[in-house]
Amino acid sequence: MPPVTTKWSEANAFLAEARERDAADPLAPFRDRFHMPPHGDGEVLYFTGNSLGLQPKQAATFIEGELEDWRTFGVEGHFHGRRPWVDYHSFATEDLAMLVGARPREVVAMNALTVNLHLLLVSFYRPDGERTKLMIEEGAFPSDRYAALSQLRLHGLDPDDHLIELAPRKGEHTLRAEDIEARIAEEGDRLACVMLCGVQYYTGQWMPMERITAAAHAVGATCGFDLAHAAGNVPLQLHDWGVDFACWCGYKYLNGGPGCTAGAFVHERHENRPDLPRLEGWWGHSASRRFLMEPDFDLMPGAEGWQTSNAPVLNMAALLASLAEFREAGMDRLREKSLALTAFLERGIHSVAASTGARLEILTPEDPEARGCQLSVVAHGQGKALFDHLTARGVIVDWREPAVIRLAPVPMYNRFADVARFLVLLEEGLRAAK
Ligand SMILES: *Cc1c(COP(=O)(O)O)cnc(C)c1O
C-alpha cells in the first residue's frame, strides 16, 4: 500500500480504534482461513464479498479429496467415497438450514440461482382466473426480472398487465414496509405471487421479509425471496416467517467459488404435494428407489423433491469447505461483528465527507435491521477518477455509474483496519479529485 498523506483529522483516531477492535474480535482468526488476493507487497482491501466471496483455504483440500476418490473409485465413488456422491447435496443441508433459519428437510443445495428461481416459480407462481399478478421490486437484479418476465410469458400473460414492480416513493431510494403492505393489500386477490429480494443488491436494503410474507398470505398469494445478497449476510428465519420458497447462490457471501451450487428452500407445508406442478428429474425421485430405474416418478419429500440432476460434486466441494467455516464462526457472532463493522464504516464515511466537503450520500437504510453488511454510497459530483484512485491503491469495491460505490465489509474475513485504511484512501482520493 503506497504511503498516503491524509489531512483527515480523525484518521489516527479511526486507525487506532480499528486496531483495538481487531484485537478484541473473537472472529479475527477467520481472516487467515481465506486467501486474500495480493496487491504489490501486501494485500488488497477487499470489499466485494457481496459479488464473489474469497476462497477458503480448505477449498483445495476438499476438492482434491473428491479428485482422489474419483481416481481411486471411479464410478464406485458414488457409494464408497469419503462423502458418497449419491448423497453429496445432503452434506450441505444442515449448514444451509442453519444459515437461512429452516428445518433441514426444507433446504437443498442444487443447480444455480436463476435456475432454482425458475424451478420454484413453476411451482409457486400459479396464475389462476383473476389471480394472475407477479410482484417484484423495481430495479431488481436483471436475471430475476428476466426470470419473472419469461414466467409470465410461459403462462401466456402480458408482462405489461401482470407484472408489478414495486418502486420507492419519489425522492427515496428504498421501499417502506407500510408501502409494500399497502400495495399487496390493494392488489388483493389479483395477486398470485410476491417474489422479492431478501437484501437488495443495489441499495443494500434488507426487506422486512416477515411482514411481506404475512401481507402476501393475507391476500392469498404465495411469497418467495431471492436471497443472493442475504444468505450468509443477515440472520434469516424462513421457517418461522412462513416464507413459501426461497433461493440463493453459493458464491457471494457463502464463498463457494465462481459458479458455485446454489440453494433452495421450500416451506414444509408444501412438502409431499404431488399436486404442485414441478419440473421433474431423477434426483427428485425417491432416493432408495432411484437406481431401480422405474418409469414413474416417485416424489421425494421435502425440498429435495425439487432436485432434477445429480450434484456437481467438484463444484460443491468448495462450498462444503466454506460452510464448515460458517458452522464454526456462527451466524450470531458474524452478525454481531457485521453490525459493528458496517456502523464503523458508516461513521467513517460521514467523517470523511465532513473533512473533505464531498457529498457522500448513503443509499442504504440507516436502520441496522433494514440492512446487512453492504453500504451503497453515491459520491455526488465524482467521476471514475475516484474509483481509479482507489483501485490503483488496491481497494476492490464495486463501482456503478453514476458514481455509486458498493462496499461490503464481510465479518468473516474483513478487519476493522481494512475499513479504516479504506477511509484514509477515500479521503485522499476525494481531495485529489478536487
Ligand atoms: C447474483 C445474483 C444473481 C445471479 O444469478 P446466477 O443464476 O447465480 O447467475 C441473480 N439474482 C440476484 C438477486 C443476484 O444477486
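This is a predicted model: local features need pLDDT of at least 70, side-chain atom pairs count only at pLDDT 80 or more; totals for chains, interfaces and linings use all residues.
Residues are numbered from 1 along each chain as its sequence is written. Local features need pLDDT of at least 70 and side-chain atom pairs pLDDT 80 or more, while totals for chains, interfaces and linings use all residues, and side-chain values use heavy atoms, leaving out hydrogens and water.

User: Is strand β7 largely enclosed or open, and how many of its residues are buried?

Analyst: Strands here are DSSP E runs of at least two residues and helices are H or I runs of at least four, numbered from the N terminus. Buried means under 20% relative accessible area, exposed over 50% and partly exposed in between, with a 1.4 Å probe and protein chains only. β7 covers residues 133-137 and is largely enclosed by the rest of the structure, because the buried count is 5 of the 5.

User: Which residues of β7 point the opposite way from K133, M135 and E137?

Analyst: In a regular strand, side chains alternate between the two faces of the sheet. K133, M135 and E137 share one direction, and the other belongs to L134 and I136.

User: Which residue has a side chain in polar contact with that of R103?

Analyst: R103 lies in the loop between α4 and β6. A polar contact is an N or O pair within 3.5 Å; within protein, one atom must be able to donate a hydrogen and the other to accept it, and sequence neighbours count only through two side-chain atoms. At 2.7 Å, the partner is E268.
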